[in-house]
Amino acid sequence: MSLDIYAPVIHGIGVRSHEDFAEESVAAIAAHLDASPTGWKRVECPAGCTQFAAGHAHLRGADGLGLVVDPLMWFDVVDQPPRWRVAWWFLRALFVLCAVHLLVNGQVLAEGPTRPVRDLPAYLWRAVRAMAWILVLGAFAVALALPLTLAVALVPKARSLAVDALGWTSDPDTRRGVSDRVSSRVAAVDAAHTVLIGHSQGGAIAANISRDLDPARTTLITMGTGQALLAPISATLHVGWASIAALAASIVVYVAAAAVLMRWLVAAAFALVSTAILGTLELGAAAWRAASDRAQALAHLGEARRLVTDLATTLVLSPDVLATLLSIPAIAAAVLVYARIFAPAVAEIRDLCHPAARGVDLCATFDFVSHPFTVLGARRRIRRVPQSASIADHLRYFPNSTEVLAAIDREISTLGVGRPRDAEAARAGREVRGLVRALRVTRAIAAAAAATAGFLATGALTPALAIGYVAYLAATALKQWRWTSAQRAFRAARERASVAAG
């Protein structure tokens, strides 16, 4: 049959159930379109409809265009290489991925503030966050490289996850098989327009397939794409074991140096805040006592002076300052090692991250998979979505009705003629973004206040950070609950309006 728009949905790693993926992705997209004011309505499969996978959905627009949203599975064509080959792929990829994050965050640091005075606070926050990203990832790689590699070799479930991602990047036969599965389906349908929709690694697969399709007849929509992580693995296959060993050694150096630097910054911040609080209290007490008890007032002034002297000693004269100064050239040396190993592949990586097809790349703010893509990808295509602002957001694209499903609706609906704009989804998206932003600020204030209170109570950095982290986790749980409730409320209201409209 002749089809106007074909929208295959391509899954990421770890998917093993066709039915579950179809319910999570295709059913969610179809339900959103069916209730949207853009004019799509779900229709029954025509007689003899055997061309598409189980769980697909047919929709028809108010302008008569036909659309099929189809779950496209590829996990069953992945070859299963020997376990120790997969373990080597994983160990190598782990340090390559750390290198990608380091180079990306280094570029964030190098950009600098556009307006030195106005943008300086935001730039400093981005700088600290960038260092924290690579510190956490580097520490994770150093501490867990061996146990995770053994898990990949010995635990079948861990090995299947690794093979999904690394077979695509490291095994030519698997890459060819997956590509053929997707491209042959698109060619067989031969729709007037193809809308490739990919999540995680599915986004990388869709981006690669789109390069072989006619850009005028292709739209590419990715969610949490792994292209900026997977492309470097493929582009650096020629890198030998000696360079990978140098990469691992430089990560150890970077983690140690960055940990020293971050520790000093955090300790300095706590010292500044506690000195400001206690010093203000001492000065207030001195002012209160000035008229009635001059000796007590002078004692309070002396205590305030001692606090300032101790702060100066902590910031300038402590041994930590020397260690911090030594850590800076160590970090620079690690960056040079990364740059030397990756320089030959940078052009190829950037090319793979800039598809010619129209569309959008949806990247959650706290998604560590798509984070490098927000720097290496095409600015004209990238759209950051806050989601629930947590590290679990990589798994929350399809439940995001107000931004992700609305963006898919918008890209598909622009292919029609005279479709109304979904103003309600746009308004709800703004409200949810505002809610998440307010809850993030609340979380930061609560964590900082709890950590400061812990530091004032204990005088030690470690318990203060632990108290602050507990407050951070509690505020994160509240934020995720509020975000999930907002998405459910939007879907419920949209369904009620659709039913009322008949």
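**View 1. Strands β1 and β4 pair in the parallel sense.** Over 6 bridges, strand β1 (residues 5-10) runs parallel to strand β4 (residues 66-72), where strands are DSSP runs of E with at least two residues and helices are DSSP runs of H or I with at least four residues, both numbered from the N terminus. Two strands count as paired if DSSP finds at least two bridges between them, and within this pair V9 stands opposite P71 in β4. This is a predicted model, in which local features need pLDDT of at least 70 and side-chain atom pairs count only at pLDDT 80 or more, whereas totals for chains, interfaces and linings use all residues. Residues are numbered from 1 along each chain as its sequence is written, and side-chain values use heavy atoms, with hydrogens and water left out.

**View 2. The open sheet has 8 strands with mixed pairing.** The strands follow the order β2-β3-β4-β1-β5-β6-β7-β8. Because β2 (41-43) and β8 (382-385) each have a single partner strand, they stand at the edges, and one side of each is left without a neighbour in the sheet. From one strand to the next the twist averages 20°, as an angle on a scale from 0 to 180 degrees between the N-to-C directions of axes fitted to C-alpha atoms.

**View 3. The largest nonpolar core holds 49 residues.** A nonpolar core is a set of buried Ala, Val, Leu, Ile, Met, Phe, Trp, Tyr and Cys residues joined through side-chain atoms within 4.5 Å, and buried means under 20% relative accessible area with a 1.4 Å probe, protein chains only. L3, Y6, I10, L166, L196 and I205 touch the most other members of this core, to which helix α3 (residues 83-111) gives the most, with 9 residues. Apart from this core lies another, of 31 residues, among them M73, L362, V385 and I412.

**View 4. L166 has contacts beyond its sequence neighbours.** Leaving aside the neighbours within four places in sequence, L166 is in contact (heavy atoms within 4.5 Å) with W89, F90, A93, D171 and I233. Across the chain, 76% of the contacts between residues at least 6 apart in sequence join residues at least 24 apart.

**View 5. V375 lies in helix α12.** Helix α12 spans residues 373-376, and V375 counts as buried because its relative accessibility is 8%. V375 and A228 are 147 residues apart in sequence, and their C-alpha atoms are 9.0 Å apart in space. In the chain of 502 residues, buried residues make up 49%.

Methods. Buried means under 20% relative accessible area, exposed over 50%, partly exposed in between (1.4 Å probe, protein chains only).
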